[in-house]
Amino acid sequence: MEPMEKVTNNEEIEIDLKEVFYELWDKAVIIVLSAVVCALAMALVTVTLMTSKYQSTASLYVMNRQNSEGAATSSDISAATSLTNDFKSMITSNTVMEQAIERLGLTIKAKDLSRMVSVSNPTNTRILDITVTSEDPYEAKQIVDVIAEISANQIVDIMGLEKVNVYQEGEVPTRASSPNLKKNLLIGAAAGFLLACVVILAIFFLDDSVKTEEDVEKYLGKSVLAMIPEEGDKKKEIRSKRKKSPVKKKRPAAKGGRA
């Protein structure tokens, strides 16, 4: 008997999944409208409320040692790569930030400026990329160039490296790095889609009323003997009968007839 029970349970689950699918399919228009509305709302918020930010990147080239021909060795690259975290901490240190603030005449604190700075190291290279994010594209370029110059001198003086060159200065960005309008549109559409599906399914599962003949047989285990049509169905049936049946006109009574 156990296999039969398993089959029955599997069939009930399959029927439920079909009902869920058809319920969502019937409400497809609502789901699509919800996704479109949320996407448009997200786009409006992105354009009107979010501040555009720009990024400018300068690059440092770290020289640990040189051979007679001036070429870098594998041990040179390995040593410079292992010190990447030290370089990052030094570039974003208060010492570098305060010097940059003083040189540029900025009115922000060192910790606030350090939040605008990020440092990365491409794999298997002695290159340090310094990126500054600002609401002003020209300010981003100015800050990253000054920080790169100060950082190069600090790394040489403190860590005793042979040389650190600024081999690429920052450029004035022409496009905002954030917010990303396309990304936010997709996020809004996905949120609207999921929200509509959740609401529709919640209403569907919480509704325990019996609506059709199949529901009576499924949930109560009884067969339906007769169905009473609703008031609206009766009126439609009467109207259709009137249209089909011909209307008989009464003949007028003849004048001067017998009393």
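The structure is a predicted model, in which local features require pLDDT of at least 70 and side-chain atom pairs count only at pLDDT 80 or more, while totals for chains, interfaces and linings use all residues. Residues are numbered from 1 along each chain as its sequence is written, and side-chain values use heavy atoms, with hydrogens and water left out.

Helices (H or I, at least four residues) and strands (E, at least two) were taken as DSSP runs and numbered from the N terminus. Strands were treated as paired if DSSP finds at least two bridges between them. Strand 1 is joined to strand 3 by eight bridges, and the two run antiparallel. Within this pairing, Leu60 has Leu128 of strand 3 as its bridge partner. Strand 1 also pairs with strand 4 in the antiparallel sense, over five bridges; here the bridge partner of Ser59 is Gln168 in strand 4. Residues were classed by relative accessible area as buried (under 20%), exposed (over 50%) or partly exposed (in between), using a 1.4 Å probe and protein chains only. Seven of the ten residues of strand 1 are buried, so strand 1 is largely enclosed by the rest of the structure.

Thr131 is located in strand 3, which spans residues 127-134. Its relative accessibility is 12%, and Thr131 therefore counts as buried. Polar contacts were defined as pairs of N or O atoms within 3.5 Å; within protein, one atom must be able to donate a hydrogen and the other to accept it, and residues adjacent in sequence count only if both atoms are side-chain atoms. By this definition the side chains of Thr131 and Thr57 make a polar contact at 2.9 Å. Contact in general was taken as heavy atoms within 4.5 Å. When neighbours within four places in sequence are left aside, the contacts of Thr131 include Gln55, Ser56, Met116 and Val144.

Ile147 belongs to helix 7 (residues 137-159) and is buried, with a relative accessibility of 0%. Residues up to four places away in sequence not being counted, Ile147 touches Ile91, Val96, Met97, Ala100, Val117, Ile130 and Val132. The C-alpha atoms of Ile147 and Ala58 are separated by 9.0 Å, although these residues are 89 apart along the chain. Ile91, one of the residues touched by Ile147, is also among the buried residues of helix 4 (residues 84-91), which are Thr84, Phe87, Met90 and Ile91. These four cover an arc of only 130° around the axis, which puts them on the same side of helix 4; the arc is that of the directions from the helix axis to the C-beta atoms.

Rings of Phe, Tyr and Trp (its six-membered ring) were paired if their centres lie within 6.5 Å, with planes under 30 degrees apart counted as stacked, over 60 as edge-to-face and the rest as tilted. Four aromatic pairs were found in the whole structure. The rings of Tyr61 and Tyr167 have centres 6.5 Å apart and planes at 80°, so this pair is edge-to-face. The pair links distant parts of the chain, with Tyr61 in strand 1 (residues 54-63) and Tyr167 in strand 4 (residues 163-168), 106 residues apart. Tyr61 is partly exposed at 28%, as is Tyr167 at 44%. Phe204 and Phe205 form an edge-to-face pair, 5.3 Å centre to centre with 65° between the planes. Phe204 is partly exposed at 22%, whereas Phe205 counts as exposed at 55%. Phe21, Tyr22 and Trp25 form one aromatic cluster.

Salt bridges were defined by a side-chain nitrogen of Lys or Arg within 4 Å of a carboxyl oxygen of Asp or Glu, and the count comes to four. One of them joins the side chains of Lys27 and Glu23 at 3.0 Å, N to O. Lys27 is partly exposed at 28%, while Glu23 is buried at 18%. Another joins Glu149 and Arg103 at 3.4 Å, N to O. Glu149 lies in helix 7 and Arg103 in helix 5 (residues 94-104), so the pair ties together parts that are 46 residues apart in sequence. Asp112 forms a salt bridge with Arg115, with the closest N and O atoms 2.6 Å apart. These two residues, three apart in helix 6 (residues 110-115), are separated by about one helical turn. Asp112 is partly exposed at 29%, and Arg115 is exposed at 62%.
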